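Subject: Structure handover

Hi,

Here is the structure for you to look through. My notes follow below it.

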Amino acid sequence: MSEVTIKRALLSVSDKSGLVDLGKALAARGVELLSTGGTAKALRDAGLSVKDVSDHTGFPEMMDGRVKTLHPTIHGGLLAVRDNPEHAAAMAEHKIGAIDLVVVNLYPFEATVAKGAERDEVIENIDIGGPSMVRSAAKNHDYVTILTDAADYATFLGELEQSGGATTLAFRRKMAAKAYAATAAYDSAISQWFATVDQGEHFPPVLAAAHTRVTTLRYGENPHQDAALYVPRNPAVTGLPQATQVQGKELSYNNYNDANAALELVAEFAGAKPTVVIVKHANPCGVATADTLLEAWKEALECDSVSAFGGIVATNVPLDGPTANAICEIFTEVVVAPGADDAAKEAFSRKKNLRLLLIDSLPDANRKGLTTVPIAGGLLVQDRDAGKIEKADLKVVTKRAPTEQELEDAMFAWTVAKHVKSNAIVYAKDGVTAGIGAGQMNRRDSSRIAAAKAKEAAETHGFAEVRTIGSAVASDAFFPFADGLMAAVEAGATCVIQPGGSIRDEDVIKAADEAGLAMVFTGMRHFRH
């Protein structure tokens with residue numbers, strides 16, 4: 001059947017937003033209201049006539065309210081196929097009245113967990129009757145309308161207005177789909193809590209996770225691909241989806257991906273001196289730390305001004321007017337920052353297409369979590385790379401130990417290399433990247449590309465000497481042969497930071513000693529494929 005007139009409604013909600021207005025609209029149409037507990041009280045307090053579920057079933061609530069809607073009179077009224085003679089006969093025999101509308105949202109399980117409640121309280125906030133009614137109503141959507149989201153109340157009332165107090169099959173199908181998504185998300189939150197929090201499993205046998213769509217995007221990586229943005233039901237960290245877009249065009253899939261790469265890297269410098277990160281195609285092409293944000297911008301840009309065109313910029317401190325004006329001198333897709341002053345906003349406003357995203361705070365660079373990568377027939381899941389090395393963790397393996405300045409440059413280069421696609425080589429000097437080599441099939445080529453970029457930058461900007469001279473060079477994984485190291489020697493690097501662990505470590509160390517380099521091992525690698 002297409003249209004179903006609403007004659008009896010069952011309302012039982014934890015979130016009472018819009019409840020009274022909905023109840024009044026239903027009562028005005030002569031709909032009988034069934035309800036329980038706090039929902040019934042809220043409706044009665046608004047002057048509405050409400051029949052308790054216990055009066056409808058002839059069976060009292062019991063066990064602290066755990067058993068109240070789990071009754072044949074309720075579920076028979078929801079699940080009966082109205083034009084099936086056997087179902088109709090059963091309804092008549094057992095005095096089961098049809099229920100045409102169910103309005104339910106569930107106990108606040110996720111909110112209870114989030115506030116750090118004790119286990120007993122968490123368990124009590126696992127809803128049983130609510131999901132049962134939702135699933136019964138949704139299954140029988142040919143005859144029953146199910147509402148699980150207060151945001152749908154207005155649309156529902158519009159349906160009633162258009163259809164003379166009835167709902168259409170198309171609307172009921174849409175609400176049924178939404179209802180099953182709601183119960184699936186609810187159950188996934190419960191299963192994850194049991195597995196990870198209650199049972200302490202790192203990788204549970206079934207990985208159930210729910211995400212909510214924020215928006216659809218213009219397209220994916222390429223125009224022939226569709227795309228959308230989703231967020232976890234309860235995000236553990238805030239980032240771009242929670243940012244305020246002050247101006248600019250709609251963000252694309254690539255904008256989000258690249259801007260996130262910039263944000264994740266600049267977060268490594270939270271609390272440090274002003275730092276600017278420039279990213280292109282998810283790889284940093286310039287990073288600098290300086291006494292002022294404007295100086296950091298100029299230094300980062302000079303690392304690779306060719307790649308910076310059409311790139312993404314992220315800062316670790318609020319934007320100021322002079323820096324914003326300088327950024328506007330080149331074509332920039334997105335700027336992400338923890339705030340901006342009025343002068344900065346004014347400067348960017350003259351670039352209508354530039355997307356300015358302001359975040360409340362930088363994400364924790366060392367936070368725990370999981371990352372996922374879909375593969376044909378499966379899903380790869382791993383811990384997020386939250387590995388961090390301090391100076392005290394470094395092992396000097398060469399005859400010459402690094403100077404304090406070389407150590408500073410090495411740590412800076414290492415931090416950046418963690419966010420460069422493998423194979424990754426990063427030269428750095430005085431808190432500025434001198435050259436970055438990314439995503440090559442061998443480490444030697446990455447080293448040579450980084451050195452070539454540094455040489456081009458020196459020629460373009462008229463440096464007195466190439467910035468790789470006297471620099472520290474970081475490698476995201478060990479040098480399997482000395483050739484990658486020798487490319488760094490040729491570029492003028494004087495200090496090397498790398499994980500170590502190759503069967504040819506001694507050969508590489510010997511080559512470093514012969515070249516007069518200082519080299520330290522981290523014992524940790526940062527592959528980023």
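A residue counts as buried when its relative accessible area is under 20%. Please keep in mind that this is a predicted model.

**Helix α16.** This helix covers residues 404-417, 14 residues in total. From first C-alpha to last it reaches 20 Å, close to the 20 Å expected at 1.5 Å a residue. Eleven of the 14 residues are buried, so α16 is largely enclosed by the rest of the structure. Among the buried ones are Trp414, Phe412 and Met411, along with Glu406 and Asp409.

**Aromatic pairs.** There are six in the structure. One is formed by Phe109 and Trp193. The geometry is edge-to-face, with 6.2 Å centre to centre and 85° between the planes. Phe109 lies in helix α6 (residues 109-114) and Trp193 in helix α10, so the pair ties together parts that are 84 residues apart in sequence.

**Charge over a ring.** Look at Arg467 and Phe463. The charged end of Arg467 sits over the Phe463 ring, 4.1 Å from its centre.

**Surface.** Phe203, Leu207, Leu370 and Leu379 make a nonpolar patch of about 370 Å². Leu207 is in the loop between α10 (169-198) and β8 (211-217). Its relative accessibility is 40%, so Leu207 counts as partly exposed.

Best wishes

Note on methods
Residues numbered from 1 in each chain as written. Predicted model: local features only at pLDDT ≥ 70, side-chain atom pairs only at ≥ 80, totals over all residues. Heavy atoms only, no water. Helix = DSSP H or I, 4+ residues; strand = E, 2+ residues; numbered from the N terminus. Expected span 1.5 Å × (residues − 1). Buried < 20%, exposed > 50% of the residue type's maximum accessible area, 1.4 Å probe, protein only. Patch = residues over 30% accessible without salt bridge, like charges linked within 9 Å, V, L, I, M, F, W, Y side chains within 5 Å. Areas by Shrake-Rupley, 256 points an atom, 1.4 Å probe, with all protein chains shown as cover. Salt bridge = Lys/Arg side-chain N within 4 Å of Asp/Glu carboxyl O. Phe/Tyr/Trp six-rings, centres within 6.5 Å; stacked < 30°, edge-to-face > 60°. Lys NZ or Arg CZ within 6 Å of the ring centre and 35° of its normal.
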